[in-house]
Amino acid sequence: MNYYIYKNDQNLGPMPESDVAQGLRNGRFLTNDLGCRVGESEWKDLSFFFPLETSAPVNSLPRLEQPTPPVRNPVHSQPWQNSQPPMVVYEPPSAHSMGGMSDVGKLMLFESGKKSTTTAVLLCIFLGALGVHRFYLGHSGSGAAMLIMWFCSILLMFVFIGFLTIWITPIWAFVDLFLISGMVKQHNDQLAMRLGVFN
């Protein structure tokens, strides 16, 4: 037979009958601690379930008796549903419960969000006139300006003005080739500062 024990405003168990009896002998449980058999819903003093153990001489040693809990149903007035004992689930501490994201999580976010100089250079060489490299580095405003300027120049070719303006974005991309390493470093430094990776 297994028992639930109510002690110090906590529910313990289910525990085998032998463990409860041993707890009464060694003073872990008191005679006025509440107990409830698995499968029942009525809580009674442990002395009701274990009269022999609670009358043993070993319990006559002086000790501080805890006050009887107020008359009320314990937290589990029906400690199970459908005759199934409650299941204790262990949840390891998460990064959120520890006060924020863990260092490993921050490092993973940094690795997934940082930019590569090689990738940025290749985008600038092959798609630089469209501003793709600037979109890649997070400069969406200037990237959109290059893209719009390129397509407007294509449309203006029908009135020959586009032949004069179509060279602006390729020259802009050529200048960016010498600035890309600094742009990449700035992006990665800002990301690391935002995540607090190297704090």
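Helices (H or I, at least four residues) and strands (E, at least two) are DSSP runs, numbered from the N terminus. By that rule, Trp-167 lies in the loop between helix H8 (162–165) and H9. The model is predicted: local features need pLDDT of at least 70, side-chain atom pairs count only at pLDDT 80 or more, and totals for chains, interfaces and linings use all residues. Residues are numbered from 1 along each chain as its sequence is written, and side-chain values use heavy atoms, with hydrogens and water left out.

**Overall build**
- The protein chain has 10 helices and 4 strands.
- From the N terminus on, the order is β-β-α-β-β-α-α-α-α-α-α-α-α-α.
- Of its 199 residues, 27% count as buried (buried is under 20% relative accessible area, exposed over 50%, partly exposed in between; 1.4 Å probe, protein chains only).
- Contact means heavy atoms within 4.5 Å. Of the contacts with a separation of 6 or more, 54% come from residues 24 or more positions apart.

**Confidence**
- pLDDT is the predictor's confidence in each residue, from 0 to 100.
- The chain's mean pLDDT is 78, and 74% of its residues reach 70 or more.
- Over residues 92–99, pLDDT stays under 50, and the model has 4 contacts beyond four places in sequence for them.
- Where pLDDT is low, the predicted coordinates should not be read in detail.

**Strands**
- Two strands pair if DSSP finds at least two bridges between them.
- Strand S1 (residues 2–7) runs antiparallel to strand S3 (residues 34–37), over 4 bridges. Tyr-3 stands opposite Arg-37 in S3.
- S3 also pairs with strand S4 (residues 44–45), antiparallel over 2 bridges. Leu-34 has Asp-45 in S4 as its bridge partner.
- S3 and S4 form a hairpin with 6 residues between them. In the turn, Gly-39 has a positive phi of about 105°.

**Leu-24**
- Leu-24 sits in helix H1 (residues 17–26).
- Leu-24 counts as buried because its relative accessibility is 1%.
- Its C-alpha atom is separated by 9.2 Å from that of Ser-47, 23 residues apart along the chain.

**Nonpolar patch**
- A nonpolar surface patch of about 1200 Å² includes Leu-122, Phe-126, Trp-167, Ile-171 and Phe-178.
- Helix H5 (117–127) and helix H9 (168–177) are the elements that give two or more residues to the patch.
- Trp-167 is exposed, because its relative accessible area is 57%.

Definitions and conventions. Patches are made of residues with over 30% relative accessible area and no salt bridge: like charges are joined within 9 Å, nonpolar side chains (Val, Leu, Ile, Met, Phe, Trp, Tyr) within 5 Å. Accessible areas come from the Shrake-Rupley method with a 1.4 Å probe; for residues, only the protein chains shown count as cover. A salt bridge is a side-chain nitrogen of Lys or Arg within 4 Å of a carboxyl oxygen of Asp or Glu.
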